[in-house]
Amino acid sequence: MSTVEVPVPTLPFGKRFTRWFGRNTIRIYAVVGFTYLFIPVLYTFAFSFNDSAKSNLTWVGFTFKNWQNPCGAPEVCDALGNSIRIGLIATTVATILGTMIAFALGRHRFRGRSATNTLIFLPMATPEVVLGASLLAMFLNFGINPGFWPTVIAHIMFCISFVVVTVKARIASLDPRLEQAAMDLYANERETFRRITLPLVAPGIAGAALLAFSLSFDDFIITNFNSGTINTFPKFVYVSAGRGIPAQANVVGSSMFFLALFIVLTGELIGRKRRKR
Amino acid sequence: MADASTSSRGDLKLTRITKSYSDFNAVDDLSLTIKEGSFFALLGPSGCGKTTTLRMIAGLEEPTAGSIHIGTTDITTMKPYQRPVNTVFQNYALFPHLSIYENIAFGLRRRGIKDVKSAVDKALDLVELPHLADRKPNQLSGGQQQRIALARAIINRPALLLLDEPLGALDLKLRRQMQIELKWIQKEVGLTFVHVTHDQEEAMTMADTVALMHDGKIEQMGSPADLYDNPKSVFVANFLGQSNLIDGKIVDSDGDNFVVDLFGQKVSVLKSRSSAKDASVLFGIRPEKLRIQPSDADKPGNVLTGGRIVDVSYIGVSTQYQVEMPWGQEIMVFEQNDDGIPPLAKGDGVRLSWEPIFSFALDGHEDATAGSEVEVSE
């Protein structure tokens, strides 16, 4: 095939620019948006390589020593361990309880259902400071001293609402005819739940568990009221802010970020592979 | 094939079934026997109770009163998974997280049946989709999903296969094709099929017996031809095809016939085709049973004179006339274009004639429009 050279009339620069801008507005907006979102993360990551002695506020020099020895700074790993332990227990319990509540609300009609639906939102709407203070007052009134278990109980409490909301959304999108079809095909209630309902709701439950863990891991205000002498990672960072946060905190923060990224990406990849198959 | 349900085979028998909701009866004192091995259609407009009836047979709803038997087994209160009944759901309800193979094998596995593989292969062959075993439901077209849903139900060899508007989501061409296939499969496997539909043509082409439902009751039940040719109520006459219904009075009895006066003209109808309760009748005749001739023609049989053509539509195989009668009513006539005579024109004076055996008489106190304006879309 031969091509014929046709002179293309060129538009004046101003017009060309407006047209280009019009076509790429969304892309530009996305770049600006993501930059805004990720600069703090990037900053945290970069400063995890800072060769700082005490305070990690000014750049001193590049080093790997923080990553090689994340537990180098006193108390970092202690606090981290507590946070993970509290997070895992709170997540497990909140996910189980929350999922059960979500099924009850999503699948059954009973007296007080709509009231429960509304009440379950309340812990999410209540200011954390108030929740934390009331919980502390309650524990003290019951003669329970602040510490590890009161913190766990507090975390379970505020995580449940989020689990319920997330799982309920998934249940709502589940076609009840699928369960009816399973029952029609000789699966009793238990088998129907195990083979149809649970696998189909599982992504919602997993999402809820991740959300619960990150909420628990992240929580400072409620924890600060109820943990007493137990140190958690957010508490550690907050307290050390006064005398200088060690770079190891950035290492832990960055690691958490990459771990979350990894989980999300893996989930996405598995999902894509499944859809393709 | 192994069979868990041989113990309860036989006719399906619904006895005085009622399903009440707080403010109305979806199904109202319905009794029905469906012969083993037959293709039975529950036909009716939306809201007539046909789907509720089906769900009670499947065990997905419990009747408020009445009982359901298969053969001699009372299944009224059995759980869905205890019944030898399988359902093809309206939107197929294939399990999205399982492969086609596992979808079809589901019922067998739950009953702990060995040799799932050969049964699944056979079922896939029956619906002519053996190459799709490893796919997921959402990778299949609507027609393919429909067949898989059928295979998933049939593989269990239930005493009863329920089909809830199974062709509702398919386009017209595929629908026609699946109607023929379903009928063929039913013959092939010899199971009792109970098919719920709002599509009268679908019910008539597929079923041996059709029950037309209306307001939770069965209006009329019988073979498609019986329902069409000899409707017992205005609802049936209008819901199945089209009917001309003319106000009349029975004035005489003549052997097997009643003599009916239609606005001064005498016609006859077989007594066996009359469901009139007294002298007042709605005299019915299907548009395609009418013959139309110029006013001066002379033909035997039942005749109505004094008509005038007000509208002519030529549709190739036939011509459709609207004929205004002296008493103001418009009568519809379908005339086959098979006699080489050019169609009559608008404004022509005509007479209508028909063989007396084609007419029927309904109770004259019924509303003549019942069933004609029913919402049929689900």
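## Chain A: fold and overall dimensions

Read along the sequence, chain A follows the pattern α-α-α-α-α-α-α-α-α-α-α-α, which amounts to 12 helices and 0 strands, where helices (H or I, at least four residues) and strands (E, at least two) are DSSP runs numbered from the N terminus. This is a predicted model, in which local features need pLDDT of at least 70 and side-chain atom pairs count only at pLDDT 80 or more, while totals for chains, interfaces and linings use all residues. Residues are numbered from 1 along each chain as its sequence is written, and chains are lettered from A and ligands numbered from 1 in the order in which they are written.

The C-alpha trace of chain A spans about 85 × 65 × 35 Å along its principal axes. Its radius of gyration is 26 Å, whereas a compact globule of 277 residues would have a value near 19 Å; the radius is taken over C-alpha atoms, and the globule rule is 2.2 Å times the number of residues to the power 0.38. Of the 277 residues of chain A, 31% count as buried, a residue being buried if 20 or more other C-beta atoms lie within 10 Å of its own, exposed if 12 or fewer, and partly exposed in between, with C-beta atoms placed from the backbone. Among contacts in chain A between residues at least 6 apart in sequence, 78% join residues at least 24 apart, two residues being in contact if their C-beta atoms, placed from the backbone, lie within 7 Å.

## Domains and annotation

The domain assignment of chain A gives domain 1 (13-66) and domain 2 (74-245), and 33 Å separate their centres, taken over C-alpha atoms. For chain B the assignment gives domain 1 (6-229) and domain 2 (242-363), with 40 Å between the centres on the C-alpha basis; such bounds come from an automatic or database domain assignment.

In an unreviewed entry, UniProt lists residues 80-270 of chain A for "domain: ABC transmembrane type-1"; such annotations may be inferred rather than shown by experiment. Over residues 80-270 the chain is 83% helix and 0% strand, and the end C-alpha atoms are 30 Å apart.

## The contact between chains A and B

In this model, 16 residues of chain A are in contact with 16 residues of chain B. On the side of chain A that touches chain B, α8 (176-184) and α9 (189-218) each supply at least two residues, and α8(A) gives the most, with 6 residues. By class, that side of chain A has 9 nonpolar, 2 polar and 5 charged residues, with Ala, Val, Leu, Ile, Met, Phe, Trp, Tyr, Cys and Pro counted as nonpolar, Asp, Glu, Lys and Arg as charged, and the others, Gly among them, as polar.

In helix α11 (residues 233-243) of chain A, the residues A:Phe233, A:Lys235, A:Phe236 and A:Ser240 are buried. Seen down the axis of α11(A), these buried residues fall within an arc of 150°, so they line one face of the helix; the arc is that of the directions from the helix axis to the C-beta atoms. On the other side of α11(A), A:Ala241 and A:Gly242 are exposed, and the helix is followed by A:Gly244, whose phi is positive, near 105°.

In helix α3 (residues 116-126) of chain B, the buried residues are B:Ala119, B:Val120, B:Ala123 and B:Leu124. They cover an arc of only 135° around the axis, which puts them on the same side of α3(B). These buried residues pack against α2 (100-110) and α4 (142-154) of chain B, while the face of α3(B) turned away from the buried side carries the exposed residues B:Lys117, B:Ser118 and B:Asp125. B:Glu128, whose phi is positive, near 60°, follows α3(B).
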